[in-house]
Amino acid sequence: FFQAEDGIRDIGVTGVQTCALPISKSELTHLLDEAGLPVTEFLALAPDYKMARSVIRFSKAPEESILSLSHVIAASFRYDSQHQDTPPFSLEQVGAAIVANGDFEKLANSFLVLAAPRDDNPAVVLNDHEFAWSFAVERDPRFAKETVLCRPGVGLSVVHHRLGSDADELSMLSQRLDPEPHQPGRSAWLRFVGSVNRSGWSVSDAAAALRGWYEYLVEQSDRDLGSVSGDHVDLTPFNVMDDHGQIKPFDQEWIWAEAIPTDWVAARGILFSINMVTSVAMPSEGVPIHVGHLVNAILDDLAGRNRRGPEPPIGFMEWLASVQALMSGQEVAQAREELEDLWRRQISIRSAKTARIWAAEAECLNAALASAQEAATAEAERQDAALAANEQKLRLSEETLRGREQRSEERRVG
């Protein structure tokens, strides 16, 4: 569907049309072509056109990039302020599956179209080897960036561009935007998403999905001191690929000026991994339902200990507030308040009742779609039959006319 002006769902916007215009890509292509604007590119947007976090050019996306694109699409849903507080199914899993199945363009709720008059070609605005763009702008504008997936030759590459002016060096935090090779595999975060979206999941299930990432983090640490160097502050589950058991970091953009306790980096990674999930399935009995308590439970399972309750590790919240304040451009007090609110928040759990209601609604919707498809097919067949009848009449008329002309010619000659 190509969305019409449904901006009334946006905060602070009122008085505009709230419907969506159902129009397929083929229909839109035909209309633009008739207007003298042949389409040269369709670009898919996520989560949608009003707040596009990612732009995908599937026509140029190579097969080996599909797992990475699944991660990009899945991670975009948390930036959609319009989704339900507790979606009836896992948006991340559905998004990733649709990409993997090659159906994202067909099911996207909106797309960006490049079209131009026949003597022009808007595709020149895109480099032929680029196929995906992701934007990180929920931060201090000095650190806003664009990440581009491309295939400049042999192999895939990832290139980062700063969107604003050059960032000043901060006393404790710096940003690196070096080009890097594309890392194959499935992100550790998507494994985590899968673990908490199985009915009856446990803390051990969630920890098992993150174990490869955690063990890699510990390998990078000084075990005697229990700390990692500051260039591992961004070693989170959503910034590592798990390629058949081999952990491969990517997008390690932040560098902290001092060594960091390993537990703090691990707690940060688990905390934000949970925050990036829009909803989870009903867990087993005894699983903590508050974010911070769940972070501690997963970290204890990974570290092989059992000593923490709901409170954050000592010193962790103060350090993390300092880090997030520098990244976001906030005051430390504001960042601390938001982090404490996140720590106390309940995880978003889908109830079995909600799932049943949604399944029933989906069944009704499928039936309505099937009925509409049958009606459309019947109408198409009727139109085809009418066209065939008209063509038959035209042929008969032409034959009758030729017969009259022939008889007339015979009489004239005679």
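## Helices H5 and H6

Helix H5 (residues 188–195) packs against H6 at an angle of about 170°, and their axes are 8 Å apart. Angles over 145 degrees count as roughly antiparallel, so H5 is roughly antiparallel to H6. H5 contributes Ala188, Arg191, Phe192 and Ser195 to the contact. From H6 come Asp205, Ala206, Ala209, Leu210 and Trp213. By class, the residues of this contact are 6 nonpolar, 1 polar and 2 charged.

## Confidence

This is a predicted model. The mean pLDDT of the protein is 85, and 86% of the residues reach at least 70. Among the elements, helix H6 (residues 203–219) has the highest mean pLDDT, 97. Helix H11 (residues 352–413) has the lowest, 76.

Residues 1–18 have a pLDDT below 50. Beyond near neighbours in sequence, this stretch still has 43 contacts in the model. Where pLDDT is low, the predicted coordinates should not be read in detail.

## Helices H9 and H10

Helix H9 (residues 316–328) meets helix H10 (residues 332–344) with the axes coming within 8 Å. The axes cross at roughly 120°. That angle makes H9 oblique to H10. The crossing of H9 past H10 is right-handed.

On the H9 side, the contact uses Phe316, Met317, Glu318, Leu320, Ala321, Gln324 and Ala325. H10 answers with Val332, Ala335, Arg336, Leu339, Glu340 and Trp343. The contact residues of H9 and H10 comprise 9 nonpolar, 1 polar and 3 charged.

## Helices H7 and H9

H9 also packs with helix H7 (residues 262–275). Here the axes come within 11 Å and cross at roughly 65°. H7 passes H9 in a right-handed crossing.

H7 supplies Trp264, Ala267, Arg268, Leu271 and Phe272. The H9 residues they meet are Phe316, Trp319, Leu320, Gln324 and Met327. This contact of H7 with H9 divides into 8 nonpolar, 1 polar and 1 charged residue.

## Aromatic pairs

The whole structure holds 8 aromatic pairs. One of them joins Phe143 and Trp254. Their ring centres are 5.1 Å apart, with 85° between the planes, and the pair is edge-to-face.

## Backbone details in two loops

The peptide bond from Ala46 to Pro47 is cis, and its omega is near 0°. Pro47 falls in the loop between strand S1 (39–46) and strand S2 (54–56).

His244 has a phi near 55°. That is a positive value in a residue other than glycine. The loop between strand S11 (240–243) and strand S12 (246–249) contains His244.

Conventions: Residues numbered from 1 in each chain as written. Predicted model: local features only at pLDDT ≥ 70, side-chain atom pairs only at ≥ 80, totals over all residues. Heavy atoms only, no water. Axes fitted to C-alpha atoms, helices over the stretch in contact; angles between N-to-C directions. Helix = DSSP H or I, 4+ residues; strand = E, 2+ residues; numbered from the N terminus. Parallel < 35°, antiparallel > 145°, perpendicular 65-115°, else oblique. Left-handed = near helix turned anticlockwise from the far one by under 90°. Contact = heavy atoms within 4.5 Å. Nonpolar A, V, L, I, M, F, W, Y, C, P; charged D, E, K, R; others polar. pLDDT = per-residue confidence, 0-100. Phe/Tyr/Trp six-rings, centres within 6.5 Å; stacked < 30°, edge-to-face > 60°.
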